[in-house]
Amino acid sequence: MLIDADSHVCEPPDTWTSRMASKWGELIPRIKRNHDHQADEWYIGDHSVSNLALTVMFNEQNDDRPHRRKDDFPASPQFIEEVHPSSWDPVERAKVMDSYGINMAALYPNLGLTSPDHYRLIPGATVEFQLELIAAFNDFVLSWAQRAPGRFIPLAVIPYWDLNGCIKEIERCVELGHKGFVMSGTPEYHDCPVLSSRHWDPLWAAANATNLPIAFHAGTSTNVEDFVAMMERERDGGADNQRIPGGNNVTAIIGVFKTFLDNIMATANLIMSGVPSRYPDLKFAIVESGSGWVPFALESLDVHFKRYRPWETRQGLRKDDLPSDIFRRQIFVNTWYEQVRPDDLALLPVDNIMFESDYPHPTCLMDDEVSHSVTSLLSDLSEEDREKISYKNAMRCFDLAPGDIGRIARDDPRSELAGNTH
């Protein structure tokens, strides 16, 4: 059994045109050809807001499998016909999952349309429009679970910048069958209060009532303006081989690493915010940031927590609730390329680690890399601990029952690993 706790849906051309009210006219997001860039891009009205699809999976002639192109990696397809259908079609994605041995996959968003930043510059993109756009996206994600039952874990993006609309969307999506909620770990970068503000209490309470996690995904916790400036500085000092996305190789590596660090910092802020201590049953998933940082972070936070006594100044923190206690109780992280060893587990709780592939993004696992991740890279662990990372922890995080998990097509139904009886 294998559950992928982080994969991505790329939005097909009709994501919003088929789901939003016609009254929004040209504001409805759609793909148009940008002749200056010689590429298909997402537009809201006359504003280009994103490239076509953040995927490195290309179509190849006479081969229906997805391909990463080595000659220009990590370039993304520039035109609709270049995109491998597994990037945005659930039936085709399930076929890839079958070939990789993945039973079920959590679905995270792809475009930046699920944060408030674009809309400030677009006339007519009112809060009402934004809420309908988010709802349409969440309906699209749910359609994957409906078209391929048992194969996908639909996660709802929540419009946290409009608190009343956010709570209504949480309640709506729970009724529909979503299994978690995605928001930024640094709302202060989007003209919202910091996580420790009591402004967010209605949101925490609404999510807490569902027994479903709130996820902070790498990239969503990054200050976009600082990130762009950093990337431009790196490009200015790097090689001339510019490309999409991420510029030259060094720039791409630095950019990815920064998003990991930003999400780790958001986790530290979350732990120290007092929110987990006030809502001890509320789960959080820290996604696509790895797991190897956890031992150092928890040891550092615990040492300084005891030394500085923050429970005396911040409401919600308790002397007897250490940062490491909070993490073990409520926070999940993912691993995909790291080797996990028994010695790591002294401060890296094995009950809090989930497997991910990140498909179809540049850093994702493909083909034999998936089996290598859950066999060779976990080979030093006990069978029980490997099972926790492979699927059991994800079942707890996303509140899955054994019957929720589908079989992969190449499974022998008599095989214990193929079944959904765990």
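A salt bridge here is a side-chain nitrogen of Lys or Arg within 4 Å of a carboxyl oxygen of Asp or Glu. Keep in mind that this is a predicted model.

Q: How many salt bridges does the structure hold?
A: Side chains of opposite charge can pair when their charged atoms come close. With the cut-off at 4 Å, the count for the structure comes to 23.

Q: Which residue meets R68 in a salt bridge?
A: Start in the loop between strand 6 (63-67) and helix 1 (90-100), where R68 sits. Its partner lies in helix 10 (residues 368-374), 301 residues apart, so this pair links distant parts of the chain. N to O is 3.2 Å, and the partner is E369.

Q: By about how many helical turns are K95 and E92 separated?
A: These two form a salt bridge, with the closest N and O atoms 3.2 Å apart. Both are in helix 1, three residues apart, so the separation is about one helical turn.

Q: Is D320 buried or exposed?
A: D320 forms a salt bridge with R318 at 3.4 Å, and shared partners join R318, D320, D321 and R329 into one network. Exposed means over 50% relative accessible area. D320 has 61%, so it counts as exposed.

Q: Which residue in strand 3 is the bridge partner of R30?
A: The open sheet has the order 2-3-4 with antiparallel pairing, and strand 2 (30-34) is one of its edge strands. Strand 2 pairs with strand 3 (residues 39-44) over five bridges. For R30, the partner in strand 3 is Y43.

How values were computed:
Residues are numbered from 1 along each chain as its sequence is written. This is a predicted model: local features need pLDDT of at least 70, side-chain atom pairs count only at pLDDT 80 or more; totals for chains, interfaces and linings use all residues. Side-chain values use heavy atoms; hydrogens and water are left out. Two strands pair if DSSP finds at least two bridges between them. Helices (H or I, at least four residues) and strands (E, at least two) are DSSP runs, numbered from the N terminus. Buried means under 20% relative accessible area, exposed over 50%, partly exposed in between (1.4 Å probe, protein chains only).
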